Amino acid sequence: MIYTITLNPAIDHILNIKGKLTRGKTNRIQKSSCLDVGGKGTHVSVGLKLLGHENLCSAILGEKDSEIFEELLNQYQVETSFLKVEGQTMRHNYVFVDESNKGSLMAAEYGFPIKREVMKNFINSHLKEIKADDIVIISGNPSKDTPMEVFEYLLGVLVERKVRLVADVSGEFLKTMLRYPLLFAKPNSHELGETLACRINSLEECYQVYLEHQPLLKNIEYLAVSMGAEGSIFLKNESAYIFYPPKVKTINDTGSGDAYVAGVVAAIVNGKSLSGIGRLATAVGASKALESLSTGFNVDKVDELLEQVRYRKLG
Ligand code: ATP
Ligand code: MG
Ligand code: MG
C-alpha cells in the first residue's frame, strides 16, 4: 500500500489575474478563480491516483472549514483518512496566476502546530494499518511551530514499522529526515541549498553539492533535486542523470514538484529503470505546469511529453 501524509494541508485560493500581476495597481480577480486542494501530500495522492496507483491520503485537518477541503478532494476520488482537530481552522493559501508566463506567486498561512497528543491520536487511529514495506510519503512540512520532537515521534513509529519512507519536506524537517533511511527524497535546489547551507545555481552545481555532502545524504536510496523548468538531477548510488523537461507554456508551476514525486513513486512501484523513473517524473512535472490548478494534471499530456524529455548521464 502507498500512504501520503500531509501534516499541514490547506485550502488553496487560485486567483486568476488578467494581464500581468503589478504592484501599485488594482489587480482584478477573474471569474475563473476558484478553490483547490492545498498541501503537498494531497497533491501526491491525486497524482498517484491519476497514474493508476491506489493510495491512502492521510492528513491532520483543522475542524473549521474541513468540509470545504473534503469536498474539494472528493472530486479526485482518492481514499482518505483524516484526523480533525477541534478548535482549529484549516489553513488558507492564496495562489496568484497571471498571464506573464513567469509562473505563479503564492502567499501561505502558517497553519496550526501539532501537539504530541494529536500526533499520537493520528498515528493510532489513521496510520494503524501501516506495515513493513508500505511506501509512506511525507510531503510538506508540519507548521513551523510543531516541535521537532513530535515530528520525530511520527518518524520513529514509521521506521519501527519498517516502511519505505519518502521525504518531500524542507528546512529543519529535511535535516531531521536525512538521519533516517529514505527510499526517496525530492528537495528543490533552494530547499537542498538551505539545508546544506550552500548556494545552488545550476543542475551541474547540484551534482557538485551532492558529491561534497555525500556523507549527509547517504541514507537516501533515490535522490532528486529539482530546479523548475530547468529540470532535475536524479541520483542512485553511483549513477547520476540530469533530466530536461520539454518547454511548455507555464500556467501554474506550484505543485509540479508534488506531481514529480507521484511520478517517481509510480515508476519505482512499476519497477522502471533510473532513466525511466526520471523521464516519467519529468513529464508529469511539466504536465502539471500546464494546468492552472495546483492539483492534478492531464494524463494524455504526460504520454505526449514523455517522448520529449531529454536526459544525460553524469560522472
Ligand atoms: P512544488 O513544491 O511547488 O510542487 P518544487 O519547487 O518542489 O514544486 P519544481 O522544481 O518546481 O518542484 O518542479 C519539479 C519538476 O517538474 C522539475 O524538475 C521539472 O522537471 C518539472 N517542471 C517544473 N516546472 C516546470 C515548467 N515550468 N516547465 C516544464 N517542467 C517543469
Ligand atoms: Mg519550484
Ligand atoms: Mg516541492
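**Exercise 1.** In this predicted model, state the handedness of the crossing of H8 and H9, and then work out how the two helices are oriented to each other.

*Solution.* 
Step 1. H8 and H9 cross in a right-handed way.
Step 2. Helix H8 covers residues 256-269, and its axis comes within 7 Å of that of H9, at a crossing angle of roughly 150 degrees.
Step 3. Angles over 145 degrees count as roughly antiparallel, so H8 and H9 are roughly antiparallel to each other.
Step 4. On the H8 side the contact includes Ser 256, Tyr 260, Gly 263 and Ile 268; on the H9 side it includes Ile 277, Leu 280, Thr 282 and Lys 288. Sorted by class, the residues of this contact are eleven nonpolar, four polar and one charged.

**Exercise 2.** Determine how H9 and H10 are oriented to each other, and list the residues through which they meet.

*Solution.* 
Step 1. Helix H9 spans residues 274-289 and helix H10 spans residues 299-306; their axes are 8 Å apart and the packing angle is about 125 degrees.
Step 2. Angles over 145 degrees would be roughly antiparallel, and 65 to 115 roughly perpendicular. H9 and H10 are therefore oblique to each other.
Step 3. Their crossing is right-handed.
Step 4. H9 contributes Arg 279, Leu 280, Ala 283, Val 284, Ala 286 and Ser 287, while H10 contributes Lys 301, Val 302, Leu 305 and Leu 306. Seven of these residues are nonpolar, one is polar and two are charged.

**Exercise 3.** Describe the packing of H1 against H8.

*Solution.* 
Step 1. Helix H1, residues 40-50, packs on H8 at about 50 degrees, with 8 Å between the axes.
Step 2. The two helices are therefore oblique to each other, and the crossing is right-handed.
Step 3. From H1 come Lys 40, His 43, Val 44, Gly 47 and Leu 48; they meet Asp 258, Val 261, Ala 262, Val 265 and Ala 266 of H8. The classes here are six nonpolar, two polar and two charged.

Definitions and conventions:
Residues numbered from 1 in each chain as written. Chains lettered and ligands numbered in written order. Predicted model: local features only at pLDDT ≥ 70, side-chain atom pairs only at ≥ 80, totals over all residues. Heavy atoms only, no water. Axes fitted to C-alpha atoms, helices over the stretch in contact; angles between N-to-C directions. Helix = DSSP H or I, 4+ residues; strand = E, 2+ residues; numbered from the N terminus. Parallel < 35°, antiparallel > 145°, perpendicular 65-115°, else oblique. Left-handed = near helix turned anticlockwise from the far one by under 90°. Contact = heavy atoms within 4.5 Å. Nonpolar A, V, L, I, M, F, W, Y, C, P; charged D, E, K, R; others polar.
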